[in-house]
Amino acid sequence: MQELACTWVPGTIDIVRLKIGKRNIEMTSTRLSRIFGPHALNDLYLKGRALITANPEQVSLLA
């Protein structure tokens, strides 16, 4: 299991930046929701950042 730090990309309304170790990935909030479930967006909408725990299968879908 890995922890991913998620934040919104400044100046966008639906692009999320994921930090996995030293690697950064950007994707739409829709794709993030499809991979991790709709609950993954709750803290993003409320706080602007979230920590998501991902299993190896989910991490492989990020590439």
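Residues are numbered from 1 along each chain as its sequence is written, and side-chain values rest on heavy atoms, with hydrogens and water left out. Because the model is predicted, local features require pLDDT of at least 70 and side-chain atom pairs count only at pLDDT 80 or more, whereas totals for chains, interfaces and linings use all residues.

The chain contains three helices and four strands; these elements are DSSP runs numbered from the N terminus, with H or I over at least four residues for helices and E over at least two for strands. In sequence order the pattern is β-β-β-α-α-β-α. The radius of gyration of the chain is 11 Å, close to the 11 Å that the globule rule gives for 63 residues, so the chain is as compact as a globular protein of that length. Here the radius is taken over C-alpha atoms, and the rule is 2.2 Å times the number of residues to the power 0.38. Along the principal axes, the C-alpha atoms fill a box of roughly 30 × 25 × 15 Å. Of the 63 residues, 37% are buried, where buried means under 20% relative accessible area, exposed over 50%, and partly exposed in between, for a 1.4 Å probe and protein chains only. Among contacts between residues at least 6 apart in sequence, 42% join residues at least 24 apart; a contact means heavy atoms within 4.5 Å.

The four strands form an open sheet in the order β3-β2-β1-β4, with antiparallel pairing; two strands pair if DSSP finds at least two bridges between them. Its edges are β3 (23-28) and β4 (49-54), each of which pairs on one side only. From one strand to the next, the twist averages 30 degrees; axes are lines fitted to C-alpha atoms, for helices over the stretch in contact, and angles run from 0 to 180 degrees between N-to-C directions.

The sheet can be followed strand by strand. Six bridges connect β3 with β2 (residues 15-20) in the antiparallel sense, and R23 in β3 is the bridge partner of I20. Strand β2 is joined to β1 by four bridges, again antiparallel, with A5 partnered by K19 in β2. These two strands, β1 and β2, form a hairpin with six residues between them, and G11 in the turn has a positive phi of about 85 degrees.

Helix α1 (residues 29-36) lies across β1 (2-8), β2, β3 and β4, at about 105 degrees to β3. Its buried residues are S29, L32, S33, I35 and F36. Seen down the axis of α1, these residues fall within an arc of 165 degrees, so they line one face of the helix; the arc is that of the directions from the helix axis to the C-beta atoms. They pack against β1, β2, β3, α2 (42-47), β4 and α3 (56-61). S29 has a relative accessible area of 8% and is therefore buried. Apart from residues up to four places away in sequence, S29 touches W8, D14, V16, L41 and Y45. Just after the helix, G37 takes a positive phi of about 95 degrees.

The largest nonpolar core has 18 residues, and those with the most contacts inside it are L18, L32, F36 and L62. Such a core is a set of buried Ala, Val, Leu, Ile, Met, Phe, Trp, Tyr and Cys residues joined through side-chain atoms within 4.5 Å. The elements giving two or more residues to this core are β1, β2, β3, α1 and β4. Beyond its neighbours within four places in sequence, L18 is in contact with A5, C6, R23, N24, I25, M27, L32 and L62.

Two further residues are not buried. N24, in strand β3, is partly exposed at 47% relative accessibility. Leaving aside neighbours within four places in sequence, N24 contacts R17, L18 and K19. N24 and A5 are 19 residues apart in sequence and 9.6 Å apart in space, C-alpha to C-alpha. L46, in helix α2, counts as exposed because its relative accessibility is 72%. Between the C-alpha atoms of L46 and W8 the distance is 12 Å, at a sequence separation of 38 residues.
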